[in-house]
Amino acid sequence: MDIPQFSPLSVHPAPGLSDEINDIRQRTADILAQHVIPNEGVLLSRDDPDRRSALVRELQQHVRQCGLWAPHLPKAYGGMGVGFLGHAFMNEIIAWSPVASRIFGVVAPNAGNESLLVKYGTEEQKKRWLEPLVAGEMQSCFSMTEPDNPGSDPRALTTTAVREGDEWVINGRKWFTSNGRAADFAVVMCRTEGDSDTDGSSSRMTQIIVPTNTPGFCVERNIPVWGHTTGDHVEITYTNVRVPLENQLGRRGSGHAAAQDRLGAGRVYHSMNCIGHMWRSFDLMVKRMTERKVHGGLLESKQMMQDFVAESYMDIQTARLLTIRCAEKIDAGEDARTDISAVKVYVPRVLHQVVDRAIQVYGGIGLSSDYPLASFYLAARTLRLADGPDEVHKILIAKNILGHYHRGGTMDFAA
């Protein structure tokens with residue numbers, strides 16, 4: 001059986017975007033099409049880690065030379081300085097490949113921690129943690145979710161940091177901490193007002209930088225996600241972990257606000273990633289239909305397949321426009337909380353539908369690692385829980401809209 005090759009990534013100037021953003025999209029697409037997608041076999045393989053690592057470093061250096069490294073960061077800290085919209089539009093191109101985020105320096109959780117350090121870090125913290133992280137000399141993790149407390153309510157976290165002299169003493173248990181084994185330091189969400197404070201007030205949360213070689217920091221196990229026992233999501237215990245007071249990130253009590261800063265923007269970036277996943281899935285699906293013969297004709301001649309094309313086209317367009325509108329509101333400094341929750345719920349749901357159709361068209365091989373469809377499918381389901389479960393975001397959407405009406409307003413969907 002002839003397996004269709006990956007579809008080429010074809011990008012054209014988008015009306016309404018600045019020349020700068022259109023240029024960034026085009027140059028990003030060129031690197032994906034010429035260097036990343038043709039090498040996905042090596043970049044996704046675990047058979048030769050040395051070869052894979054060498055290729056990653058080579059491609060990262062090429063991206064740096066092209067001026068496309070770290071779109072989320074200001075130029076002063078080694079990034080592109082393209083702003084929120086520039087980064088968002090770049091993400092839909094990067095997301096064509098499940099390995100490209102690392103190539104462009106926007107891999108989680110490092111990217112989120114870098115943004116936290118830029119906004120909340122002291123100059124000393126930036127020198128010690130941010131600069132090596134951006135340079136690729138360090139790895140990090142974000143340690144927030146706990147096994148004994150609901151992830152839907154970060155104010156319920158019970159890991160404590162108690163001040164003793166010139167140190168914070170941290171005790172608690174975290175899990176689903178991604179990159180926990182490779183990390184040189186963790187950004188840990190703690191309750192800093194003592195064990196007796198159980199009212200869940202967000203003002204009691206503080207983020208603290210913890211080097212992973214600190215006594216009492218213990219990675220207990222890998223959490224097998226989707227059956228993969230060698231993943232990078234880990235469970236960690238903190239037992240009398242002592243770090244200097246100056247490792248506090250931001251002012252005391254700012255942890256909840258800092259997490260929302262990180263997660264709010266991240267939800268839009270995730271949605272643009274979903275658009276990229278859908279875009280590639282759609283191209284792969286349509287190409288398969290034009291080449292695969294079944295039951296006396298090409299797949300494209302079957303009405304059910306034509307329905308797949310039409311439904312996926314509509315899904316992608318609506319999800320993309322909803323996400324772009326949300327990104328524009330954030331970039332303009334408007335209150336976008338309702339829109340952020342809307343894209344967080346809607347876009348992964350639509351991604352699931354689009355990828356599911358593509359897998360159905362490919363049949364058995366669509367489930368394999370020969371194509372990125374399986375990884376996109378799992379990402380779609382995971383995102384219904386990551387960054388807050390869908391149900392919480394739906395409640396927030398409804399509360400915001402009902403509150404607007406109770407204040408005498410009505411909805412103007414064009415505004």
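Me: What is the handedness of the crossing of H10 and H11?
Reply: The crossing of H10 and H11 is left-handed. Keep in mind that this is a predicted model.

Me: At what angle do the axes of those two cross, and within what distance do they come?
Reply: The axes of H10, residues 337-362, and H11, residues 373-382, cross at roughly 150 degrees and come within 9 Å. That angle is over 145 degrees, so H10 is roughly antiparallel to H11.

Me: Which residues make the contact?
Reply: From H10, the contact uses Pro348, Leu351, His352, Val355, Asp356, Ala358, Ile359 and Tyr362. H11 contributes Leu373, Phe376, Tyr377 and Ala380.

Me: How does that split by class?
Reply: The contact of H10 with H11 has 10 nonpolar residues, one polar and one charged.

Me: Now H8 and H9. How do their axes cross?
Reply: The axes of H8 (residues 255-291) and H9 (residues 303-331) cross at roughly 160 degrees, and they come within 10 Å. H8 and H9 are therefore roughly antiparallel to each other.

Me: Left-handed or right-handed?
Reply: H8 passes H9 in a left-handed crossing.

Me: And the classes in that contact?
Reply: Between H8 and H9 there are 19 nonpolar residues, three polar and one charged.

Me: Changing topic to H6. How many of its residues are buried?
Reply: Nine of the 11 residues in H6 are buried, and the helix is mostly covered. The buried ones are Asn110, Ala111, Gly112, Asn113, Glu114, Leu116, Leu117, Val118 and Tyr120.

Me: Asn113 is the one I care about. Why does Asn113 count as buried?
Reply: Asn113 counts as buried because its relative accessibility is 0%, and the cut-off for buried is under 20%. Asn113 sits in H6, which covers residues 110-120.

Me: Which backbone oxygen lies 3.2 Å from a polar atom of its side chain?
Reply: The backbone oxygen of Cys141 lies at that distance from a polar side-chain atom of Asn113.

Me: What else is Asn113 in contact with, leaving aside neighbours within four places in sequence?
Reply: Besides Cys141, Asn113 is in contact with Leu133, Ser140, Phe142, Val187 and Arg262, with those sequence neighbours left aside.

Definitions and conventions:
Residues numbered from 1 in each chain as written. Predicted model: local features only at pLDDT ≥ 70, side-chain atom pairs only at ≥ 80, totals over all residues. Heavy atoms only, no water. Axes fitted to C-alpha atoms, helices over the stretch in contact; angles between N-to-C directions. Helix = DSSP H or I, 4+ residues; strand = E, 2+ residues; numbered from the N terminus. Parallel < 35°, antiparallel > 145°, perpendicular 65-115°, else oblique. Left-handed = near helix turned anticlockwise from the far one by under 90°. Contact = heavy atoms within 4.5 Å. Nonpolar A, V, L, I, M, F, W, Y, C, P; charged D, E, K, R; others polar. Buried < 20%, exposed > 50% of the residue type's maximum accessible area, 1.4 Å probe, protein only. Polar contact = N/O pair within 3.5 Å; in protein donor to acceptor, adjacent residues only side chain to side chain.
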